[in-house]
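Dear colleague,

I am passing on the structure below, and after it you will find my notes on what turned up. Please read the notes with the coordinates open beside them.

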Amino acid sequence: MPAFRVNVVSDVHGNTKDLARAGEGADALVCLGDLVLFLDYADHARGIFPDLFGKENADRLVELRTARRFDEAREFGARLWAGIDRGPAIERAVRKQYAEMFAAFPVPTYATYGNVDIPTLWSEYAGPGTTVLDGARAEIGGRVFGFVGGGLRTPMRTPYEISDEEYAAKIEAVGEVDVLCTHIPPDVPELVYDTVARRFERGSRALLAAIHKTRPRYALFGHVHQPLTRRMRIGATECVNVGHFASSGRPWALEW
């Protein structure tokens, strides 16, 4: 019996070219969010912010954020945005990125939101071959996949951050599944520490508890671009950071 293959990507951040090939050789594509590229920390000339304010200002914003000087970073950004209608400007740029990326999704694609995504816009761009799930399940190749999108609240204040309670409720709604797909990792130090940014990102305690309780075969996630550990077992569950697709351009494959 031939193997069923799912290619999984996360943290696409504007990499439309590789996204168009991400489904090659697979029966389905799973995307764990962060389609939007607001600012590329590896190339400060790429993204919505430098398009509006230039690379030098992007350099300064990255410098402040990397130093965890978040209040100064917000004040710096506020000065730049003064006199600009921020909401419409960002929405126009996001819409342009979404139009390109959703058109690149293969059929079928199953996707959930990242913390930098704007969920209210997805329904306008997701075609009939793209299933958007958040706190919901889908059967793919005879296995049950659960999807929980978004991130938890942080000083970065990205667009789709929710409370711990709301996130936990979505995890609870998904219940027992074979493959648990989230944007953020479980709250384990080795999985949430970014070795380049040199900081701990926020992982979910509710997700970690669900892994212990429901024992899915796999827990797949992204969010942390350069993790200390990309893969580890928690009990019966193989936990995998499926990678920073924006830089790698390579999906992670799951076969059975």
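In this predicted model, the lining of the largest pocket draws at least two residues from each of α2 (48-53), α3 (55-66), α4 (70-81), α5 (86-104), β7 (151-152) and α10 (245-248). Of the contributing elements, α4 gives the most, with six residues. The space in this largest pocket comes to about 1,300 Å³, and 50 residues line the pocket, with Tyr41, Arg65, Val116, Met156 and Thr158 lying nearest its centre. Sorted by class, the lining of the largest pocket holds 25 nonpolar, 12 polar and 13 charged residues.

The second largest pocket has about 220 Å³ of space. Here α2 and α5 each supply at least two residues of the lining, and α5 gives the most, with five. Among the residues that line this second pocket are Gly14, Thr16, Leu37, Arg46 and Gly47, together with Ile48, Asp51, Ala93 and Lys96; Gln97, Glu100 and Met101 also belong to the lining. By class, the lining of the second largest pocket divides into four nonpolar, four polar and four charged residues.

Turning to the strands, β1 (residues 5-9) and β15 run antiparallel and are joined by four bridges. Within this pairing, Asn7 has Ala253 of β15 as its bridge partner. In a regular strand, side chains alternate between the two faces of the sheet. Strand β15 (residues 252-255) has Trp252 and Leu254 on a covered face, whereas Ala253 and Glu255 make up the uncovered one.

Finally, the cysteines. How many disulfides does a search of the whole structure find? The search finds zero. For Cys31, the closest cysteine sulfur is that of Cys181, and because the two sulfurs are 11 Å apart, they are too far from each other for a bond, the cut-off for a disulfide being 2.5 Å. Cys239 is likewise in no disulfide, since the nearest cysteine sulfur, again that of Cys181, is 12 Å away.

With best wishes

Methods
Residues numbered from 1 in each chain as written. Predicted model: local features only at pLDDT ≥ 70, side-chain atom pairs only at ≥ 80, totals over all residues. Heavy atoms only, no water. 1 Å grid on protein atoms, 1.4 Å probe; cavity = no way out; pocket = protein on both sides within 12 Å on 5 of 7 lines; lining within 4 Å. Points joined across faces, edges and corners; volume = space filled by probe spheres on them. Nonpolar A, V, L, I, M, F, W, Y, C, P; charged D, E, K, R; others polar. Buried < 20%, exposed > 50% of the residue type's maximum accessible area, 1.4 Å probe, protein only. Pairing = 2+ DSSP bridges.
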